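My plan is to look up a few places, one after another, and note what I find.

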Amino acid sequence: MVKELLRSHSSVRIYDGEQLSKETVVDLIETAQMAASSHFVQAYSVVWVTDEAKKEQLGLLSGNPRQYETSGAAFVFCVDFKRLQAAGKLEGVDIVADSAENVLVGVADVALFAQNFVVAAEAEGYGICYIGGVRNKPEEISDLLGLPDYVFPLFGLTIGVPARRNEVKPRLPVGAVLHENTYDENYDEQLHAFNATMENYYSSRSSNRKIDNWTKQMADFLVEQRRPHIKDFLAKKGFTWQ
Ligand SMILES: Cc1cc2nc3c(=O)[nH]c(=O)nc-3n(C[C@H](O)[C@H](O)[C@H](O)COP(=O)(O)O)c2cc1C
């Protein structure tokens, strides 16, 4: 049952506009909180953007205005060491928040928390889409949401009753991902096979058909440094990679 749900995931970007109740949101967040957390730091916070003007602004800043417009709720998931600083203060201790290790801990915590949220939501029939686009304008989004130092937006998430569902997207062959005892770099054959799978998927899916494959997509995507402003942004938030 859980496996079928996980295997049926596809991102949903158009919703019917029905708003999630506070009860539903609180229930999903409580469920998300049960994810494992590195050393139990629970280094996450999530901002539920209910103010229509702010939601519109968030949509514009993260580059998906239509998706936010139709969503039943919109969130920004953040790495949060501010609350841990407060915990330290209660104990008379200045915690060391600023470290590359803490950035990794925070990112892992937020991702597990968010994915628990997503699976719980999909089990209730909702559709979701993560929005890395919030990192296009992280300073503006921090200002919009009043995020203090030691708190930074990792990704957004829209959720709602799906108005349109996409076909399930194929994934890499398991052999390209699973290694036994030693990392195996001989994946060319698997990549060719996956390109054929993706070419077929892109040319036959019900909407946005195109001629494309995975290695070309990745090469185009990664040929240049992505979001070069992130390092300075994180430093401003207090994470200088010490
Ligand atoms: C952290 C993260 C950020 C993402 N950001 C965006 C985004 O900004 N816009 C978008 O349309 N999809 C976004 N996605 C969705 C991915 O494009 C999608 O998960 C991927 O293409 C696989 O498709 P599927 O989720 O339908 O299986 C994001 C996914 C993740 C995990």
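Which residue just after α3 takes a positive phi? I looked it up: G63 does, with a phi of about 80°. I keep in mind that this is a predicted model.

**Helix α3**

I stayed with α3, which spans residues 52–62. I listed its buried residues and got L58, G59, L61 and S62. They cover an arc of only 170° around the axis, so they sit on the same side of α3. I then checked the other side of α3 and found E52 and A53 exposed. Next I asked what covers the buried residues of α3. The cover includes the helices α4 (65–70) and α7 (138–145). It also includes the strands β2 (73–80), β3 and β4 (151–160).

**A111**

My last entry is on A111, in helix α6 (residues 100–123). Is A111 buried, exposed or partly exposed? I counted 17 other C-beta atoms within 10 Å, so A111 is partly exposed. Buried would need 20 or more, exposed 12 or fewer. I also took the C-alpha separation of A111 and K137, and it is 20 Å. These two residues are 26 residues apart along the chain.

Conventions: Residues are numbered from 1 along each chain as its sequence is written. This is a predicted model: local features need pLDDT of at least 70, side-chain atom pairs count only at pLDDT 80 or more; totals for chains, interfaces and linings use all residues. Helices (H or I, at least four residues) and strands (E, at least two) are DSSP runs, numbered from the N terminus. The arc is that of the directions from the helix axis to the C-beta atoms. Two residues are in contact if their C-beta atoms, placed from the backbone, lie within 7 Å.
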